[in-house]
Amino acid sequence: MRPTLLAALLAAALIAGCGGSDKSAKTTAPAPSSATTTSAIKIKDFLYSPDPSTVKVGDKISVTNEDDAPHTLTARGTPAAFDSDTIKHGQTRTITFTKAGTFKYYCQFHATMSGTITVTQ
Ligand SMILES: [Cu+2]
């Protein structure tokens with residue numbers, strides 16, 4: 001009886017398989033391209049934007065200060081992994097990122113200003 005039962009089950013499975021409406025296979029969306037990287041950070045109203053941001057090792061970011069007060073974009077830690085130096089109103093400084101990792105940064109003039117940047121390989 002066992003073989004018969006198996007055959008019956010197989011037949012049932014085949015019928016079920018054939019009878020179904022055509023469920024087209026779900027097309028898998030292509031993986032999103034690697035996270036968009038930041039090429040510019042704006043400082044306005046004592047805020048860094050965008051924040052957090054992402055770059056790749058070797059990338060540059062231009063930092064523009066739209067406030068009247070001077071600012072910096074300086075990595076926390078000693079020695080700082082990067083430092084824009086003083087950016088006055090309307091000025092732009094370029095930072096090149098040479099070390100991978102996630103870095104917190106701040107403004108040397110305004111302790112409340114801070115941000116995070118991730119540098120990927
Ligand atoms: Cu500042």
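1. Contact here means heavy atoms within 4.5 Å. By that criterion, residues 24 or more positions apart account for 49% of the contacts in the protein chain with a separation of 6 or more. The model is a predicted one, in which local features need pLDDT of at least 70 and side-chain atom pairs count only at pLDDT 80 or more, while totals for chains, interfaces and linings use all residues. Residues are numbered from 1 along each chain as its sequence is written, and side-chain values use heavy atoms, with hydrogens and water left out.

2. Overall make-up. The protein chain holds one helix and eight strands, and from the N terminus on the order is α-β-β-β-β-β-β-β-β. Helices (H or I, at least four residues) and strands (E, at least two) are DSSP runs, numbered from the N terminus. Buried residues are 24% of the 121 residues in the protein chain. Buried means under 20% relative accessible area, exposed over 50%, and partly exposed in between (1.4 Å probe, protein chains only).

3. Copper site. The copper ion is coordinated by His-71 through ND1, Cys-107 through SG and His-110 through ND1, at 1.9 to 2.1 Å. Donors are N, O and S atoms within 2.8 Å of the metal (3.2 Å for Na, K and Ca); water is not among the atoms, so sites may look incomplete. Along the chain, the donors of the copper ion have the spacing H-x35-C-x2-H. Cys-107 counts as buried because its relative accessibility is 1%.

4. The sheet. Four strands make an open sheet with mixed pairing, in the order β2-β1-β4-β6. Its edge strands, each pairing on one side only, are β2 (47-49) and β6 (92-96). From one strand to the next, the twist averages 25 degrees. Axes are lines fitted to C-alpha atoms, for helices over the stretch in contact, and angles run from 0 to 180 degrees between N-to-C directions. Two strands pair if DSSP finds at least two bridges between them.

5. Strand β1. Three bridges join β1 (residues 40-44) to β2, and these two strands run antiparallel. With β4, β1 pairs in the parallel sense over four bridges. Ile-43 has a bridge partner in each of these strands: Tyr-48 in β2 and Asn-65 in β4. Ile-41 and Ile-43 form the covered face of β1, whereas Ala-40, Lys-42 and Lys-44 form the uncovered one.

6. Nonpolar core. A nonpolar core is a set of buried Ala, Val, Leu, Ile, Met, Phe, Trp, Tyr and Cys residues joined through side-chain atoms within 4.5 Å. The largest one has 18 residues, of which Tyr-48, Leu-73, Phe-82, Phe-97 and Ile-117 touch the most other members. The elements giving two or more residues to this core are β1, β4 (60-65), β7 (101-106) and β8 (114-120). In soluble globular proteins, nonpolar side chains tend to be buried together. Leaving aside neighbours within four places in sequence, the residues in contact with Ile-117 include Val-55, Ile-61, Phe-82, Phe-97, Phe-103 and Tyr-105.

7. Thr-74. This residue is in strand β5 (residues 74-75). Thr-74 counts as buried because its relative accessible area is 3%. The side chain of Thr-74 makes a polar contact with the side chain of Gln-108, at 3.0 Å. A polar contact is a pair of N or O atoms within 3.5 Å; within protein, one must be able to donate a hydrogen and the other to accept it, and residues adjacent in sequence count only if both atoms are side-chain atoms. Leaving aside its neighbours within four places in sequence, Thr-74 is also in contact with residues including Ala-80, Phe-82, Asp-83 and Tyr-106.

8. Backbone points to check by eye. Most residues other than glycine have a negative phi, and most peptide bonds are trans. A cis peptide bond joins Ser-49 and Pro-50, with omega about 0 degrees; Pro-50 lies in the loop between β2 and β3 (53-56). Another cis peptide bond joins Thr-78 and Pro-79, with omega about -5 degrees, and Pro-79 is in the loop between β5 and β6.

9. Positive phi. β1 and β2 form a hairpin with two residues between them, and Asp-45 in the turn has a positive phi of about 55 degrees. Asp-45 counts as exposed because its relative accessibility is 56%. Asp-85 has a positive phi near 70 degrees and is placed in the loop between β5 and β6. At 45% relative accessibility, Asp-85 is partly exposed.
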